[in-house]
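I opened my notebook to look at one model, a few places at a time. Here is what I looked up.

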Amino acid sequence: MSPDDTVSLSIAEAGELARTVLGAWGLAPDHASAVAETMVRGERDGCTSHGLYRLLVAANSVERGVVVPDAVPQVSEPAPALVRVDGQGGFAQLPFEQGMPLLVEKARRYGIAALAINNAVHFAALWPEVEALAEQGLVALAFTPSHSWVAPEGGTKPVFGTNPIAFGWPRPGKSPFVFDFATSAVARGEIELHRRAGKAIPDDWGYDAQGNPSTDAAAVLAGAMRTFGAHKGSALAAMVELVAGPLIGDMTSAESMAADEGRGGSPIGGELILAIDPAGFLGAGVEEHLRRAEAMFEAIEGQGARLPGTRRLIARARSDAEGLRIPAKLHQDIMEVLER
Ligand code: NDP
Ligand code: PYC
């Protein structure tokens with residue numbers, strides 16, 4: 001099999017495959033369906049580091065006893081504008097699905113609301129969540145720590161997780177403005193995909209275990225990744241640790257790594273999601289002010305620069321029209337996982 005060989009799947013077939021694999025690994029149907037949905041959305045939007053490849057990652061977490069496959073999330077309201085969903089050790093997608101309606105309702109009622117997901121196993125991209133909130137007319141921010149894989153700027157030893165930050169902004173008559181990136185130079189999943197493909201990585205993505213810059217994906221996975229944007233990414237990574245760790249009573253990336261006890265599962269811990277209703281500040285002036293925001297998007301695109309999310313939406317339209325093509329080796333590995 002050549003590394004360029006691919007297998008074609010329709011979006012419906014990909015969803016069926018993902019649900020079947022997750023179900024075969026013992027995930028309760030509601031979890032299997034919520035988890036499969038985010039993986040298929042990732043693959044559809046060309047976010048392959050968080051697409052169907054994550055079936056292997058999820059199976060690994062089940063196999064190593066890191067995740068509770070049939071956890072029943074517990075929703076509570078610690079304060080009028082706050083929602084908490086305790087994931088009870090299960091994957092984070094179902095807790096988000098169950099907490100989101102109350103988050104939206106509270107954001108509309110109070111102008112701003114927050115959802116804390118606690119005690120959940122997280123391996124997913126955050127953009128599906130902020131996109132779903134922005135599609136409901138809300139401004140959304142999401143943060144989650146992971147495992148301590150990333151060195152602070154100026155050091156070479158891991159402290160931070162890859163700690164993504166996602167943002168969604170509603171645009172009248174258009175898809176929301178959405179960005180979502182790791183505060184590490186790149187998501188760890190991207191380095192894992194390079195390792196699987198036997199490809200070198202840029203020498204500014206991380207250090208080997210001796211603290212030297214390295215282009216060897218496996219050496220950086222065993223050493224330390226770097227933050228993006230030098231001290232600025234490092235500070236943002238620290239912020240994510242704080243707001244989606246101690247602030248919501250959950251683990252930092254270092255604590256999550258320690259709790260894994262060497263099993264090599266996906267990070268377990270918390271996520272913070274903020275939702276702001278523009279009408280809270282703007283009242284009847286919402287439409288006028290959202291139109292003013294459009295001038296900024298036009299100024300970006302008008303000079304040939306692209307908005308974050310554009311590549312994703314193009315990939316989405318292509319996948320909707322042509323279906324998905326995944327590496328044949330990935331398909332083979334998924335089928336092997338199914339049969340284990
Ligand atoms: P990327 O660097 O690939 O992209 C991040 C964002 O930047 C996207 O919104 C992307 O838009 C935008 N972008 C990229 N290039 C440009 C450009 N030239 N001009 C304008 N915008 C651009 O992402 P990362 O590797 O940092 O992260 C990938 C995913 O990994 C994220 O979805 C993140 O949530 C996930 N992740 C999850 C973790 C977890 O613990 N759960 C941990 C770390 C990462 P577009 O998509 O349109 O290219
Ligand atoms: O790609 O860095 C990553 C990641 C960590 C947890 C989920 N994805």
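**Entry 1: around the ligand.** I began with the word "near": I counted a residue as near the ligand if its C-beta atom, placed from the backbone, lies within 6 Å of it. I also noted that this is a predicted model. With that in hand, I found that 28 residues surround ligand 1. The closest are Ala125, Phe181, Ala182, Ala187 and Arg311.

Next I sorted the shell by type: it has 15 nonpolar, eight polar and five charged residues. I then looked up which elements supply at least two residues of this shell, and strand S7 (174–181) and helix H12 (310–322) each do.

**Entry 2: Ser49.** I found Ser49 in the loop between helix H2 (29–44) and helix H3 (54–63).

Leaving aside neighbours within four places in sequence, I listed the contacts of Ser49 as Ala187, Gly189, Glu190 and Leu193. Leu193 is 144 residues from Ser49 along the chain, yet their C-alpha atoms are separated by 6.9 Å.

**Entry 3: helix H11.** I checked the length of helix H11 (residues 286–301). At 1.5 Å a residue, its 16 residues should span 22 Å, and the end C-alpha atoms are 23 Å apart, which agrees. I also looked for buried residues in H11 and counted zero among the 16, so H11 is hardly covered.

Definitions and conventions. Residues are numbered from 1 along each chain as its sequence is written. Chains are lettered from A and ligands numbered from 1 in the order in which they are written. This is a predicted model: local features need pLDDT of at least 70, side-chain atom pairs count only at pLDDT 80 or more; totals for chains, interfaces and linings use all residues. Helices (H or I, at least four residues) and strands (E, at least two) are DSSP runs, numbered from the N terminus. Ala, Val, Leu, Ile, Met, Phe, Trp, Tyr, Cys and Pro count as nonpolar, Asp, Glu, Lys and Arg as charged, and the others, Gly among them, as polar. The expected span of a helix is 1.5 Å times one less than its number of residues. A residue is buried if 20 or more other C-beta atoms lie within 10 Å of its own, exposed if 12 or fewer, and partly exposed in between; C-beta atoms are placed from the backbone. Two residues are in contact if their C-beta atoms, placed from the backbone, lie within 7 Å.
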